[in-house]
Amino acid sequence: MRLALPHMVFFEPTKAFIDYLRKLSLGRGIIDVGAGCGLLSSVLANAGFKVLAIDIIPRDQAYHPVALLDATEMQFPAHCLPVMARPCHSEWIDKTIDNALRHASQFLYVGLERNFATDLGELAGKYKLTYEQFEAGNDGETAVLIEKRT
């Protein structure tokens with residue numbers, strides 16, 4: 001029997017983030033990677049987005065249904081926009097982004113600036129990173145668009 005993690009929220013999106021995501025997604029489905037209890041997925045679904053929440057670890061409570069899937073191994077649909085908000089700081093981030101960009105053309109990371117070097121340091125040489133200039137979350141998070149180099 002797998003134990004569930006307690007209910008915790010790390011990212012609360014701003015209206016500016018929702019507006020940015022609406023323009024960026026262009027109707028593509030959103031995959032909320034490392035969704036935790038699914039708060040972001042719930043907010044996005046209520047805003048009219050098609051969203052799939054995934055996480056490898058179940059939670060005690062959820063705002064939105066969360067599929068138990070391993071983002072480092074799953075095949076992401078080509079026509080989706082994977083979004084990772086406030087992830088744990090580990091090699092899982094690199095593995096997940098590498099895997100997602102084998103299939104999708106873009107990946108959106110959302111985090112605190114103080115974590116960029118740890119979370120994104122290895123990716124700068126492989127991908128094009130665009131640091132967006134707006135407050136994505138209520139704790140001052142920033143969105144970073146990650147794309148394959150052309």
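Residues are numbered from 1 along each chain as its sequence is written, and side-chain values rest on heavy atoms, with hydrogens and water left out. Because the model is predicted, local features require a pLDDT of at least 70 and side-chain atom pairs a pLDDT of 80 or more, whereas totals for chains, interfaces and linings use all residues.

The protein contains 4 helices and 7 strands, where helices (H or I, at least four residues) and strands (E, at least two) are DSSP runs numbered from the N terminus. Read from the N terminus, the order of elements is α-β-α-β-β-β-α-β-α-β-β. The radius of gyration is 14 Å, close to the 15 Å that the globule rule gives for 150 residues, so the protein is as compact as a globular protein of that length. This radius is taken over C-alpha atoms, and the globule rule is 2.2 Å times the number of residues to the power 0.38. The C-alpha trace spans about 45 × 30 × 30 Å along its principal axes.

Of the 150 residues, 49% count as buried; buried denotes under 20% relative accessible area, exposed over 50%, and partly exposed the range in between (1.4 Å probe, protein chains only). Among contacts (heavy atoms within 4.5 Å) between residues at least 6 apart in sequence, 63% join residues at least 24 apart. The protein exposes about 7800 Å², of which carbon and sulfur atoms supply 53%; areas were computed by the Shrake-Rupley method with a 1.4 Å probe. There are 15 positive and 18 negative side chains, and the centres of the two sets lie 6 Å apart. Lys and Arg count as positive and Asp and Glu as negative, with His and the chain ends not counted; each charge is placed at NZ of Lys, CZ of Arg, CG of Asp or CD of Glu.

Rings of Phe, Tyr and Trp (its six-membered ring) pair if their centres lie within 6.5 Å; planes under 30 degrees apart count as stacked, over 60 as edge-to-face and the rest as tilted. The rings of Phe11 and Phe17 have centres 5.5 Å apart and planes at 85°, so this pair is edge-to-face. Both partners are buried, Phe11 with a relative accessible area of 5% and Phe17 with one of 0%. Phe116 and Tyr131 form a tilted pair, with 5.3 Å between centres and 50° between planes. Phe116 lies in helix H4 (residues 116-120) and Tyr131 in strand E6 (residues 127-131), so the pair ties together parts that are 15 residues apart in sequence. Phe116 is buried at 12% relative accessibility, whereas Tyr131 is partly exposed at 37%. Together with Tyr109, Phe116 and Tyr131 form one aromatic cluster.

Helix H3 (residues 91-100) is mostly covered, 7 of its 10 residues being buried. These residues are Ile93, Asp94, Thr96, Ile97, Asp98, Asn99 and Ala100. They pack against strands E1 (29-33), E4 (80-85), E5 (106-111), E6 and E7 (142-148), as well as against H4. In helix H2 (residues 39-46), the buried residues are Leu39, Leu40, Ser41, Ser42 and Leu44, and their packing partners are helix H1 (15-25), E1, E2 and E4. Just after H2, Gly48 adopts a positive phi of about 100°.

His64 is located between strand E2 (51-55) and strand E3 (66-68) and is buried, with 16% relative accessibility. Not counting residues up to four places away in sequence, His64 touches Cys37, Gly38, Ser41, Ser42, Ala45, Val51 and Ala53. His103 is found in the loop between H3 and E5 and is partly exposed, with a relative accessible area of 25%. Beyond its neighbours within four places in sequence, His103 contacts Met74, Gln75, Phe76 and Ala78. His103 and Ala62 are 41 residues apart in sequence, and their C-alpha atoms are 28 Å apart in space.

Backbone phi values were also examined. Most residues other than glycine have a negative phi. Leu26, although not a glycine, has a positive phi of about 50°; Leu26 lies in the loop between H1 and E1 and is exposed at 70% relative accessibility. Arg86 likewise has a positive phi, near 55°, and is situated in the loop between E4 and H3.
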